[in-house]
Amino acid sequence: MLTPLQVGRFRALIRPFSYTDHLIETAGPRRRAMVARLRELAIA
């Protein structure tokens with residue numbers, strides 16, 4: 001489990017990159033899993 005500090009650092013790294021609808025629609029299994037995890041963490 002990530003600490004709040006780790007979550008904040010992770011968000012700061014990821015936030016500049018936004019997943020467009022096209023990237024999500026054409027995603028393979030690994031990208032879908034990454035997007036799902038980012039959504040769980042309320043990042044994407």
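Read from one end of the sequence to the other, the protein chain follows the pattern α-α-α. That gives three helices and zero strands. Please keep in mind that this is a predicted model.

How confident is the predictor? The average pLDDT of the protein chain is 83, and 89% of the residues score at least 70. Among the helices, confidence is lowest in H1 (residues 4-14), with a mean of 84, and highest in H3, with 88.

Next comes the surface. Buried residues account for 16% of the 44 residues in the protein chain. The accessible surface of the protein chain is about 3,800 Å², and carbon and sulfur atoms contribute 59% of that area.

Just after H3, Ala42 adopts a positive phi of about 60°.

Which residues form a salt bridge here, and how far apart are their closest N and O atoms? The pair is Arg37 and Glu40, with the closest N and O atoms 2.8 Å apart. A search of the whole structure finds one salt bridge. Both Arg37 and Glu40 belong to helix H3, where they sit three residues apart, about one turn of the helix. An α-helix has 3.6 residues a turn, so residues three or four places apart point the same way. In general, side chains of opposite charge can pair when their charged atoms come close.

Ile24 is found in helix H2 (residues 21-25). Setting aside neighbours within four places in sequence, Ile24 is in contact with Tyr19, Val35 and Arg39.

| Residue | Relative accessible area | Class |
|---|---|---|
| Ile24 | 25% | partly exposed |
| Arg37 | 40% | partly exposed |
| Glu40 | 58% | exposed |

Why is Glu40 classed as exposed? Its relative accessibility is 58%, and the exposed class covers values over 50%. Arg37, its salt-bridge partner, is partly exposed because its 40% lies between the 20% and 50% cut-offs.

Conventions:
Residues numbered from 1 in each chain as written. Predicted model: local features only at pLDDT ≥ 70, side-chain atom pairs only at ≥ 80, totals over all residues. Heavy atoms only, no water. Helix = DSSP H or I, 4+ residues; strand = E, 2+ residues; numbered from the N terminus. Buried < 20%, exposed > 50% of the residue type's maximum accessible area, 1.4 Å probe, protein only. Areas by Shrake-Rupley, 256 points an atom, 1.4 Å probe, with all protein chains shown as cover. pLDDT = per-residue confidence, 0-100. Salt bridge = Lys/Arg side-chain N within 4 Å of Asp/Glu carboxyl O. Contact = heavy atoms within 4.5 Å.
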